[in-house]
Amino acid sequence: MQEVVYCAKPLNIFKIPFLDKKESWDLLREKVFGEKEPCSYGLEKAGKKIAENCEGLPLTIITVANILSKVDKTIEYWNEVADDKQNSVYKDAYEQMSKVLYPSYDYLNQYLKACFLYIGAFPQNCLLNMPQLTHLLSAEGFFNSESMHYSKPTMNYTYDSYEYLYDLYPKNVIMFDNETPGFHLHSSFWYLCNKEAARTKLFYALNCHGDTLLEEGIESQRRLCIRNNVLLAIKDVHNSIASDSKVRSLLCTGYFHKYPVPLFLEHLRLLRVLEARSIRFYEFPMEVLKLVQLRYLALRYNGNLPSSISKLWNLQHLIVVRHLRIVKSVGNLLYLPIELWNMNELKYLYTCGRDLPHPCCEGSLLPNLLKLSGVGPQSCAKSVLEKIPNLKALSIDIELAPDATEPLTCFDHVSHLHQLQELRCYIINPTLKTEVVTPLVPLSDFPSSLTKLYLKGLGYPWEEMRKISSLPNLTYLSLECYAFRGPKWEVRDNEFQSLLYLDIEDIDLEQWTFQNCLCLPVIEGLRIVHCYKLKEIPLTFGKSLLLIQVVECNPMVVNCAIKLKEEWNDKYAGRERFLQLDVRSSL
């Protein structure tokens, strides 16, 4: 339905929101008690929590209300329902609703069905991010099907990487979070996912010890999903998992477990996917190195990786996160093993504070590496970057020593990455001095292929923006936490000719002006967050503008945005070019 609306009136779409807490309770009370039957304070208190557990979906509220209206209305029972989202009342409601919701799933394309069901492997109400699910689905082989296609084919790496998931959004089966760049399933769809995944044997979920004792249970399952990591410490569970040598994917998707638990992988020699970021490893699990079929490995581990990691010659996705980020002192750097240069199949590498070593021989090359994340400035040397010729996305994390004064050469050789489309550079612990000082990361020329740029904490003067504004293909620019500093920014004529989205957060900018009406001609979205000193925004944006979001800013900026919207709607009245304004303020 939403796709039809986009085709009919692409610039004037009214989205029906979920019910808020008050609306949810009002609907539940009406359906359970009607207009005449009284509701005690105790039932009302529990009822409001029950209504909240329905997550704003009217169908869920009405179905739950229908079940509650047929049983005794006691405070004890309602409190039980309110305190447990796994209560049978909700499960019975989801079971009844699945007959209504199933067509939404059944109408999906085949490749989208697999993507949708896979989301259900994660815990109920779990907020997921696009990159994590993207890499998992890629390693699982879901994107190799000839039937898979993108609704809007492009040459943009980041867009194509996520397009299949965005295709689920207009189907109304996943929900994106407004506060974070994540998404989740409504509980009713999560239940449907797990029911259908069990029927099709897409994955088998272990929530409790009893799940290993069921008659059909783990046997002959290809994907095991551990939603409670404590289960890995139970011997019966080990034996059950070890008995199923056909397991190809082991997903530890439960909530973070800080105590070490064994994985017992020696029997899972055919394992292709191991997702274990929710478990803290104090020592590297050496049994992983025997899993030569691995395509995807994700761990939480603070130490050095063993040189024998290169034995995993099929590995395409290597993700190693740290338990805590601690600012390192100068000279105390962590490097990946030199043997990593022999892992030619790598497509994605996330190292979280570990740098790529300088290649030791002429033949060192990572020809298939498309995305490199979590590295420091040392990984941006010419000798390193020239050995990753096809890199499309690079994310640099800089941890400054308390007494750091020497400039870092992060960007000197980035211009040689001719296929680079996305660049992120974050100073994790920026030094926010009152005066504008010389940045520790001098800004250099970027490749013309760049489409997305994220900068944080770098402290450039606004005059340096000309090195960015002339990029011909730049469509997304994010400036966060004093990425640029100074009171005045004037956008000059013919700058940012391709920019579609501008995100400004926590910047000390006071005066923002346009030289003329030709600045930012095609911009569609503007987001301004926590810019307390900013007094006004320009009123001469191009006619492509669709959305302005202002969060916790100076009231003068809010008034300016309101004025812009009024003038915009007056100017384009009747042309179906309505400007959406989203203001969030505690003032």
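Trainee: Let's start with S16 and S18. How many bridges pair them, and is the sense parallel or antiparallel?
Mentor: Strands S16 and S18 (residues 476-480) pair over 5 bridges, in the parallel sense. Keep in mind that this is a predicted model.

Trainee: Which residue is the bridge partner of Tyr 454 in S18?
Mentor: Ser 478 is the partner of Tyr 454 there.

Trainee: And what joins S15 to S16?
Mentor: Strand S15 (residues 422-427) is joined to S16 by 5 bridges, and these two run parallel. On that side, Cys 425 has Leu 455 of S16 as its bridge partner.

Trainee: What is Phe 411 in contact with, leaving aside its neighbours within four places in sequence?
Mentor: Its contacts include Leu 423, Cys 425 and Leu 455. Also among them are Ile 396, Val 441, Pro 442, Phe 446 and Tyr 460.

Trainee: Switching to helices. At what angle do the axes of H6 and H10 cross?
Mentor: Roughly 80 degrees, and the axes come within 8 Å. H6 covers residues 88-106 and H10 covers residues 187-200. The two helices are therefore roughly perpendicular to each other, since 65 to 115 degrees counts that way.

Trainee: Which residues meet there?
Mentor: From H6, they include Tyr 94, Met 97, Leu 101 and Tyr 105; from H10, Phe 189, Tyr 191, Leu 192 and Arg 199 are among them. The residues of this contact divide into 8 nonpolar, 4 polar and 5 charged.

Trainee: Now the backbone. What is phi of Lys 201 near?
Mentor: It is near 60 degrees, which is a positive value in a residue other than glycine. Most residues other than glycine have a negative phi. Lys 201 is in the loop between H10 and strand S4 (204-206). Its relative accessibility is 42%, so Lys 201 counts as partly exposed.

Trainee: And where is Asn 125 found?
Mentor: Asn 125 is in the loop between helix H7 (110-119) and strand S1 (128-129). Its phi is positive too, near 65 degrees.

Trainee: Last topic, S1. In what order do the strands of its open sheet go?
Mentor: The order is S1-S3-S2, with antiparallel pairing among the 3 strands.

Trainee: Why is one side of S1 and of S2 left without a neighbour in the sheet?
Mentor: Because S1 and strand S2 (175-176) stand at the edges, each with a single partner strand. S2 is joined to S3 (residues 182-184) by 2 bridges, and Phe 176 stands opposite Phe 183 in S3.

Trainee: What does Asn 129 contact, beyond its neighbours within four places in sequence?
Mentor: Asn 129, which lies in S1, is in contact with Pro 181 and Phe 183. The C-alpha atoms of Asn 129 and Pro 181 are separated by 6.6 Å, although these residues are 52 residues apart along the chain.

Note on methods:
Residues are numbered from 1 along each chain as its sequence is written. This is a predicted model: local features need pLDDT of at least 70, side-chain atom pairs count only at pLDDT 80 or more; totals for chains, interfaces and linings use all residues. Side-chain values use heavy atoms; hydrogens and water are left out. Axes are lines fitted to C-alpha atoms, for helices over the stretch in contact, and angles run from 0 to 180 degrees between N-to-C directions. Helices (H or I, at least four residues) and strands (E, at least two) are DSSP runs, numbered from the N terminus. Angles under 35 degrees count as roughly parallel, over 145 as roughly antiparallel, 65 to 115 as roughly perpendicular and the rest as oblique. Contact means heavy atoms within 4.5 Å. Ala, Val, Leu, Ile, Met, Phe, Trp, Tyr, Cys and Pro count as nonpolar, Asp, Glu, Lys and Arg as charged, and the others, Gly among them, as polar. Two strands pair if DSSP finds at least two bridges between them. Buried means under 20% relative accessible area, exposed over 50%, partly exposed in between (1.4 Å probe, protein chains only).
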